[in-house]
Amino acid sequence: MRILPVLCALLLLMLQGVTALSPVRVSAQDCERRGGFCSHRSCPPGIGRVGLCSEQEFCCRMRWYP
């Protein structure tokens, strides 16, 4: 019974980490303001995905961009 609180705490930490890795939804204007652009379905090679513009569009940005 002593391990139950430890397992619950570990589960909560894991779930908290999963939500932090989910893509952030931004509008097209916010994406452009951050130096990115909206791309349908996927980002071109060498360009990273930094968020979602809509359900089928990703906010893409060069990886070295500040």
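Helices here are DSSP runs of H or I with at least four residues, numbered from the N terminus. The structure described below is a predicted model.

**Overall architecture**

The secondary structure of the protein comprises two helices and three strands. Read from the N terminus, these elements follow the order α-α-β-β-β. Of the 66 residues in the protein, 21% are buried.

UniProt, in an unreviewed entry, lists residues 29-61 as "domain: Beta-defensin-like". Within this span, 15% is helix and 45% is strand.

Helix α1 covers residues 3-20 and includes valine 6. Valine 6 also contributes to a nonpolar surface patch of about 380 Å², together with Ile3, Leu7 and Leu10. The relative accessible area of valine 6 is 51%. Valine 6 therefore counts as exposed, the cut-off for that class being over 50%.

**Helix α2 and the salt bridge**

The count of salt bridges comes to one. This salt bridge joins arginine 33 to aspartate 30, with 2.6 Å between the closest N and O atoms. Both residues belong to helix α2 (residues 28-33), where they are three residues apart and so are separated by about one helical turn. In general, side chains of opposite charge can pair when their charged atoms come close.

Although arginine 41 is not a glycine, its phi is positive, at about 70°. The side of the model where this residue sits is open to solvent in the computed sense that arginine 41 is exposed, with a relative accessible area of 65%.

A further arginine, at position 49, is placed over the face of phenylalanine 58. The distance from arginine 49 to the ring centre is 3.8 Å. Aromatic pairs, by contrast, number zero.

**Accessibility of selected residues**

The table collects the relative accessible areas quoted above.

| Residue | Relative accessible area | Class |
|---|---|---|
| Valine 6 | 51% | exposed |
| Arginine 41 | 65% | exposed |

Methods. Residues numbered from 1 in each chain as written. Predicted model: local features only at pLDDT ≥ 70, side-chain atom pairs only at ≥ 80, totals over all residues. Heavy atoms only, no water. UniProt positions renumbered as here; feature names shortened; annotations may be inferred. Phe/Tyr/Trp six-rings, centres within 6.5 Å; stacked < 30°, edge-to-face > 60°. Lys NZ or Arg CZ within 6 Å of the ring centre and 35° of its normal. Salt bridge = Lys/Arg side-chain N within 4 Å of Asp/Glu carboxyl O. Patch = residues over 30% accessible without salt bridge, like charges linked within 9 Å, V, L, I, M, F, W, Y side chains within 5 Å. Areas by Shrake-Rupley, 256 points an atom, 1.4 Å probe, with all protein chains shown as cover. Buried < 20%, exposed > 50% of the residue type's maximum accessible area, 1.4 Å probe, protein only.
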